[in-house]
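The sequence and structure come first.

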Amino acid sequence: MQATVDIDTGESLTERQKAVLDAALRLLVEEGDQLTMTAVARRASCSKETLYKWFGDRDGLLTATVQWQASKVRVPPVDGKGLVLASLTVSLARFASDWLKVISSDTSIALNRVAIGRAGSGNDDLGAIVLENGRFALARRLKPVLEAGRQAGLLEFSDAEAAFRTFFGLVARDVQIRLLLGDRLELTEAAIGGDAVRATQQFLALYGAKTGPQGL
């Protein structure tokens, strides 16, 4: 049976499968677009037959690799009925922090560089995989949190996609493009945490309900 990744937890994978995907990510960092089933099998000390059994083909392996990376961005569950401003703020800030950690990692930078390099070349399957299982999948996971905030009277917006894109812009700012272009930003744990809190506060200033429940 082909391996799949639960993007919320990553827990549908075995520890051995996770190790193989980590090996694939390291190869992307070191060698860019030289990701072959043979190279991954060699690095992960497993057979190509096992890779084909688990992931189907190279595209399946790439998809699982992107999903495994995206699963590291957590979306803490919120209680729609008892949601208050404090818990919504914590949920958004944690998502923002995880997101910044993932997009600023060597593996994500390498993955995005490869996808961008192949875009428009007629061999741009990786770009579609990164979009569908990265940015688009994360939007599908966070939008229910935003909707829960609106239903609880904590947020005001007419379009969840527009609200998500605003949040994305406040979190990512120019960080991702600078890293892709080789800027050596010093993104410490403290800096990422501070940026995540700041982006969340800015988002709430824009979309926070002017009236309604604000309980802590």
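Glu 161 is partly exposed, with a relative accessible area of 25%; partly exposed is the range between buried (under 20% relative accessible area) and exposed (over 50%), using a 1.4 Å probe and protein chains only. The model is a predicted one, in which local features need pLDDT of at least 70 and side-chain atom pairs count only at pLDDT 80 or more, while totals for chains, interfaces and linings use all residues. Residues are numbered from 1 along each chain as its sequence is written, and side-chain values use heavy atoms, with hydrogens and water left out.

The side chain of Glu 161 forms a salt bridge with that of Lys 143, at 2.6 Å from N to O. Lys 143 belongs to helix H7 (residues 125–151) and Glu 161 to helix H8 (residues 160–172), so the bridge ties together parts that are 18 residues apart in sequence. A salt bridge here is a side-chain nitrogen of Lys or Arg within 4 Å of a carboxyl oxygen of Asp or Glu. Helices (H or I, at least four residues) and strands (E, at least two) are DSSP runs, numbered from the N terminus. Lys 143 is also partly exposed, at 24% relative accessibility. A network of salt bridges links Arg 135, Lys 143 and Glu 161.

## Other salt bridges

Side chains of opposite charge can pair when their charged atoms come close. By the rule above, the count is eleven salt bridges. One of them joins the side chains of Arg 173 and Asp 195, with 2.9 Å between N and O. This pair links distant parts of the chain: Arg 173 sits in the loop between H8 and helix H9 (175–180), Asp 195 sits in helix H10 (residues 189–207), and the two are 22 residues apart. Arg 173 is partly exposed at 47% relative accessibility, whereas Asp 195 is buried at 14%.

Where do Lys 18 and Glu 15 lie? Both are in helix H1 (residues 15–31), three residues apart, which is about one turn of the helix. Lys 18 is buried, with a relative accessible area of 8%, but Glu 15 is exposed at 59%.

## Aromatic rings

How many aromatic pairs does a search of the whole structure find? The search gives eight. In the pair of Trp 54 and Phe 55, the ring centres are 6.1 Å apart and the planes stand at 85°, so the pair is edge-to-face. Rings of Phe, Tyr and Trp (its six-membered ring) pair if their centres lie within 6.5 Å; planes under 30 degrees apart count as stacked, over 60 as edge-to-face and the rest as tilted. Trp 54 is buried at 16% relative accessibility, and Phe 55 is buried at 0%.

Ring pairs also link a cluster made up of Phe 95, Trp 99, Phe 157, Phe 164, Phe 167, Phe 168, Phe 203 and Tyr 207.

Asp 98 is placed in helix H5 (residues 85–103) and is buried, with a relative accessible area of 4%. Apart from neighbours within four places in sequence, Asp 98 is in contact with Lys 72, Val 73 and Arg 74; contact means heavy atoms within 4.5 Å.

Gln 202 is found in helix H10 and is partly exposed at 35% relative accessibility. Gln 202 and Leu 170 are 32 residues apart in sequence, yet their C-alpha atoms are 7.4 Å apart in space.
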